[in-house]
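User: I would like to learn how to read features in a protein model. Can you take me through some of them, with the general idea and then the case?

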Amino acid sequence: VLQPGEANRLLGEFVARKIRERVTDPTVATKLIPTDHAFGSRRVPLETRYFETYNQPNVRLIDVRETPIARITEAGIQVGADHVDLDMIIYATGFEAVRGAIDRIDIVGRDGQRLKDKWAQHPVTYMGLQTEGFPNFFMLLGPYHGATFCNIPRCIEHGVDWLTDLFRHAAERGIDHIETTREAETEWTRQVAAEAADSLFMTVDSFINGSNREGAARSFLFYAAGNPAY
């Protein structure tokens with residue numbers, strides 16, 4: 001039985017061979033092959049002819065780790081001693097997944113507690129659906145939810161169906177207050193961390209473990225055991 005690291009090494013070698021087959025310039029191909037993290041531990045380009053794009057004469061790949069961007073100019077970008085003339089610059093700097101959209105809303109719970117303050121170090125939720133101190137506040141895809149590791153439009157359906165049934169149940173019985181307990185969210189957050197402890201995802205800096213947040217503790221934001229188990 002292969003250990004996760006060895007299995008990933010074999011997968012990485014396979015991917016590297018395929019990239020070299022598709023990219024004609026060996027130097028460019030090498031730059032496109034992941035070397036500083038296990039393959040799949042960061043999001044991969046789920047693509048159609050993405051790598052072939054680098055074979056086009058009008059496409060040029062610059063590794064800014066080798067040649068950092070010096071400045072943006074009126075006519076383009078200064079990269080080291082080279083100036084790249086551009087009509088348009090698209091900033092593809094990523095986004096903060098899972099909790100970024102929630103953090104942009106000033107969500108206030110019981111006794112004036114702000115969700116941003118409660119989650120300053122790392123999120124705490126019960127199954128990615130609720131957090132204690134914020135009654136009647138539900139998340140369809142919050143931190144530690146099971147559908148974060150699958151095709152979200154499809155896997156989120158069970159959450160929609162479950163919450164619909166919950167609201168119907170509450171309305172039929174005159175229940176106007178629904179809230180998780182601190183014990184439940186603490187245990188779920190602990191379970192999520194235990195499932196992820198041996199994952200290769202925890203070996204790299206990535207939004208998946210929250211390491212893109214300055215001053216925050218690492219916290220695996222997905223549920224690693226998979227959607228069926230969830």
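User: Which residue forms a salt bridge with Glu132, and how far apart are the closest N and O atoms?

Analyst: Side chains of opposite charge can pair when their charged atoms come close. The criterion is a side-chain nitrogen of Lys or Arg within 4 Å of a carboxyl oxygen of Asp or Glu. Here Glu132 pairs with Lys118, with the closest N and O atoms 4.0 Å apart. Glu132 sits in the loop between helix 4 and helix 5 (152–155), Lys118 in helix 4, and 14 residues separate them. Helices are DSSP runs of H or I with at least four residues, strands are runs of E with at least two, and numbering starts at the N terminus.

This is a predicted model: local features need pLDDT of at least 70, side-chain atom pairs count only at pLDDT 80 or more, and totals for chains, interfaces and linings use all residues. Residues are numbered from 1 along each chain as its sequence is written, and side-chain values use heavy atoms, with hydrogens and water left out.

User: Are Glu132 and Lys118 buried or exposed?

Analyst: Buried means under 20% relative accessible area, exposed means over 50%, and partly exposed lies in between (1.4 Å probe, protein chains only). Glu132 is buried because its value is 15%. Lys118 is buried too, at 19%.

User: How many salt bridges does the structure hold?

Analyst: The structure holds 21. One of them joins Arg22 and Glu52, at 2.9 Å from N to O. This pair links distant parts of the chain: Arg22 is in helix 1, Glu52 is in the loop between helix 2 and strand 1, and they are 30 residues apart. Arg22 is partly exposed at 26%. Glu52 is partly exposed at 29%.

User: What does Arg110 pair with?

Analyst: Arg110 forms a salt bridge with Glu179, the closest N and O atoms being 2.3 Å apart. Arg110 is in the loop between helix 3 and helix 4 (115–118), while Glu179 is in the loop between helix 6 (157–173) and helix 7 (182–196), 69 residues away in the chain. At 34%, Arg110 is partly exposed. Glu179 is partly exposed at 21%.

User: How do I read pockets and cavities?

Analyst: Work on a 1 Å grid over the protein atoms alone. A cavity is a set of points where a 1.4 Å probe fits but cannot get out. A pocket is an open set with protein on both sides within 12 Å along at least five of seven lines. Lining residues have an atom within 4 Å of a point. A volume is the space filled by probe spheres set on the points, which are joined across faces, edges and corners.

User: What is the volume of the largest pocket, and which residues lie nearest its centre?

Analyst: The volume is about 1800 Å³. The lining has 45 residues, and Tyr50, Tyr54, Leu61, Ile62 and Ala92 lie nearest the centre. Helix 1 gives the largest share, four residues.

User: How many cavities of 30 Å³ or more are there?

Analyst: A search of the whole structure finds one. The largest cavity has a volume of about 50 Å³. Its lining includes Arg99, His122 and Arg213.
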